[in-house]
Amino acid sequence: MKKIVNIGTKLIVTLLALLNTLVMFGMRIIWTGISKVLGYEKNYSGFIYNLPMYLCILFFVVFLLSVWNLLGKKEKHPVTWVLLVLDIVFTIAIAAIIKGGAMDYLNFIWRDVFKTFGVVLLVTALVCLFKWYPGSKLSKNKAFIGAAIVVICAVALLFVLKLGINKLTYEPVVYAVEDEYQIVFSSSQNALGTVIIDGKEYYDTFAGSERSFTKVHKVSVPMKELDSAKAYTISIQRLHYRGPFGNINGKEQKYTYLFTPADTSDGINYFCLSDVHEHYDQAVKTASYDKDMDFLIICGDTVSCVPDPIDANGVNKLAFEITQGRKPVVYARGNHEVKGRAAELLHEYVGSENGKFYYSFVLGDIFGVVLDLGEDHDDDWWEYSGTAHFKDYIEEQIQWLDSLIKEKSYEEYKYHLAVCHIPPVFVNSRHNHTWAKKELTDRLNRMDIDMLITGHQHDIYVFEPGLIEPETTLTYNTKFKNGTYKGYLTDFNFPVLMSSKTGLTQTDGSDLFGAKSLIGLKINVEKDFKKQHCVYINSDGNALSVVNQFAEKEYGEEITITKKAIGSFEMN
């Protein structure tokens with residue numbers, strides 16, 4: 001009995017050491033955050049920067065010692081108890097890290113833990129198979145051998161069947177980009193992807209050849225064609241073999257969707273969401289209260305990072321659940337969607353232009369521009385490890401806006417809309433991208449912008465042109481909070497609304513982790529395009545009472561914006 005207890009204790013110690021190691025390894029997406037908390041920015045010590053990696057190695061060494069202790073023939077009580085104490089200390093450290101800021105990334109961490117644990121199980125099973133099985137009694141047990149063969153054959157059959165079945169994994173989202181729609185959908189297997197409108201086929205091609213070695217499909221179609229047809233069919237077809245001189249085609253599967261183009265003849269109704277951070281259910285519930293939506297704006301940070309393709313599809317998951325593939329979607333990239341190894345693939349999954357996330361779009365009488373500031377620190381920020389080159393990218397956008405201003409094609413449209421995840425008019429306490437925000441604001445001022453939609457700050461801000469002196473220290477509305485803010489506003493001449501908060505009100509302290517509500521923004525523009533009615537809505541369907549955070553002004557449950565002249569607005 002005593003021996004069994006000892007073996008049980010050793011097994012517990014080993015499993016706890018394994019769990020600690022897997023969790024610490026899974027936390028590598030926030031290792032720099034741990035280094036920051038440990039004081040890396042005080043002296044930029046290389047040791048502190050690498051300390052999370054060293055701790056992970058230490059955890060792994062303790063795990064190996066635990067395995068050695070478990071498999072050893074001699075009783076090693078002192079070693080077992082020392083290892084147990086170390087495991088408990090490590091567990092407490094991990095709990096403190098999670099409590100201190102890792103909660104927002106737990107879904108990514110646990111996903112990585114389970115994937116790595118699967119590899120560990122497979123390796124363990126193979127070791128047992130080759131080391132212990134040949135000499136064990138089980139190797140001569142016919143019932144065990146028969147059961148093992150049945151299980152292996154069943155797993156193999158399921159694997160083959162899964163490979164043979166091709167189905168939609170992400171249904172279509174219709175992105176508005178320039179003068180076309182980019183229809184994005186995904187299949188479970190590598191396949192051809194086609195869109196059919198009124199009998200005409202549009203293909204997912206690369207340099208003239210239709211792509212088949214891909215699961216995500218982006219097909220561009222002319223806006224006027226889909227707006228007229230008001231329906232489209234998507235087709236997926238797996239090629240069992242694609243050879244140099246012939247293919248073996250699988251079954252073609254078709255799915256038809258109705259489509260409602262943005263009708264701006266009687267005004268505009270659109271809905272905005274930002275900083276969802278995987279709170280899909282709450283975001284979808286909030287959006288469900290807007291029954292008159294002409295189109296949807298997703299203003300970035302739908303996911304907290306993009307380590308895998310499944311995360312790149314997070315925007316499509318949200319957009320389809322809200323629009324059902326029936327309405328246009330405008331997407332702006334968030335700074336968190338720059339993070340992770342699959343972030344460089346994101347342009348294939350969402351609306352983009354030439355692989356970039358700035359572009360114009362047209363919806364009826366609306367002319368819009370989408371801007372992208374990339375990351376929320378300057379390029380030399382230590383966490384980017386020299387991989388950020390957004391200065392050149394932003395300068396590209398400034399030159400692009402200059403070309404739009406020179407052409408003045410936007411003057412043909414009655415309503416001018418701008419979308420950007422990081423607000424160009426707001427220099428926050430970090431004082432990053434100050435030059436870029438000034439230059440972008442200057443260009444937008446010249447484009448007769450009627451509304452700029454932003455996110456990023458995880459808050460509700462109303463930036464009213466002319467209300468606050470530009471480039472002066474901001475002072476809070478005393479009904480919001482007391483004190484000043486170490487940031488300032490640029491000199492802008494258009495209304496700016498931010499919707500990027502969890503919670504039920506403008507002032508509650510809801511955190512991202514476990515948030516029960518995500519706040520969205522509903523905007524109605526009257527038929528003459530002179531008056532806008534803006535309402536913030538929570539996941540309970542309630543309108544929020546809103547104040548201007550940096551001015552002694554209350555708007556109540558509806559912000560009314562009246563356009564007096566170009567660059568002149570009245571907000572009540």
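Q: Two strands pair if DSSP finds at least two bridges between them; in which sense do β18 and strand β22 pair?
A: This is a predicted model, in which local features need pLDDT of at least 70 and side-chain atom pairs pLDDT 80 or more, whereas totals for chains, interfaces and linings use all residues. Residues are numbered from 1 along each chain as its sequence is written, and side-chain values use heavy atoms, without hydrogens or water. V462 stands opposite L497 in β22, and across two bridges β18 and β22 (residues 496-498) pair in a sense that is antiparallel.

Q: Which strands stand at the edges of the six-stranded sheet?
A: The open sheet, with mixed pairing, has the order β13-β14-β15-β17-β22-β18, its strands being DSSP runs (E, at least two residues; helices are H or I, at least four) numbered from the N terminus. Each edge strand has a single partner, so one of its sides is left without a neighbour in the sheet; these strands are β13 (359-363) and β18 (462-463).

Q: What percentage of the protein chain is buried?
A: Buried means under 20% relative accessible area (exposed over 50%, partly exposed in between; 1.4 Å probe, protein chains only). Among the 572 residues of the protein chain, the buried share is 51%.

Key:
Two strands pair if DSSP finds at least two bridges between them.
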